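I opened the model to record its backbone, its sheet and its confidence. My entries follow in the order in which I looked things up.

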Amino acid sequence: MAVINSETKDYELLSLDDAFTLDDIQCVLHRLRIERFKYWADSNLGSRLYLLRRSKDLRRNHLLAKQYAEEALIDLIPERFETLQVSVQNNEVSRIELLIEITRLNGQIGKILYFVPVGG
């Protein structure tokens, strides 16, 4: 079984036991990685974060990244998560970091760090 590493955005092979514990995290990463309107099974699935790849590192684009992430993940709230919050961090130049805090239906809180590369 393989999962996506949020830092390298590449697949990593894991044992089957480890993959089942990371199911919610993988769901969020897939939603953010898929380009919106291009997935064959559901055109509303995915995010518009790919639009920011060639944009400049401006405060306006940080707000857009937050909105795009919330738009991609909003339909997970009633069925998979209790709450979901996205915040933006800017620790490096040409990189928007999204901190996604999810609360599972059983009350567990998880944090996911996802970055979006942007132009200089």
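I began with Ser94, which I found in the loop between strand E3 (81-92) and strand E4 (95-104). Helices (H or I, at least four residues) and strands (E, at least two) are DSSP runs, numbered from the N terminus. Ser94 has a positive phi of about 65 degrees, although it is not a glycine. I noted Ser94 as partly exposed because its relative accessibility is 24%; buried means under 20% relative accessible area, exposed over 50%, and partly exposed in between (1.4 Å probe, protein chains only).

I recorded that the model is predicted, that local features need pLDDT of at least 70, that side-chain atom pairs count only at pLDDT 80 or more, and that totals for chains, interfaces and linings use all residues. Residues are numbered from 1 along each chain as its sequence is written, and side-chain values use heavy atoms, with hydrogens and water left out.

I then looked up Phe37, another non-glycine residue with a positive phi, here of about 75 degrees. Phe37 lies in the loop between helix H2 (23-33) and helix H3 (59-73).

Next I traced the sheet. It is open, has 3 strands in the order E3-E4-E5, and its pairing is antiparallel; two strands pair if DSSP finds at least two bridges between them. E3 and strand E5 (109-117) stand at the edges with a single partner strand each, so one side of each has no neighbour in the sheet. Neighbouring strands are turned by 20 degrees against each other on average, direction ignored. Axes are lines fitted to C-alpha atoms, for helices over the stretch in contact, and angles run from 0 to 180 degrees between N-to-C directions.

I counted 9 bridges joining E3 to E4. Glu92 has Arg95, in E4, as its bridge partner. H2 packs on this sheet and touches E3, E4 and E5, its direction making about 25 degrees with that of E5.

Which residues does Ile100 touch, not counting those up to four places away in sequence? Among them are Val28, Leu32, Leu73, Leu84 and Tyr114, where contact means heavy atoms within 4.5 Å. Ile100 is in strand E4 and counts as buried because its relative accessibility is 0%.

Lastly I checked pLDDT, the predictor's confidence in each residue, from 0 to 100. The chain mean is 84, and 88% of residues reach 70 or more. Confidence is lowest in helix H1 (residues 16-21), at a mean of 46, and highest in H3, at 93. Over residues 16-20 the pLDDT is below 50. Where pLDDT is low, the predicted coordinates should not be read in detail.
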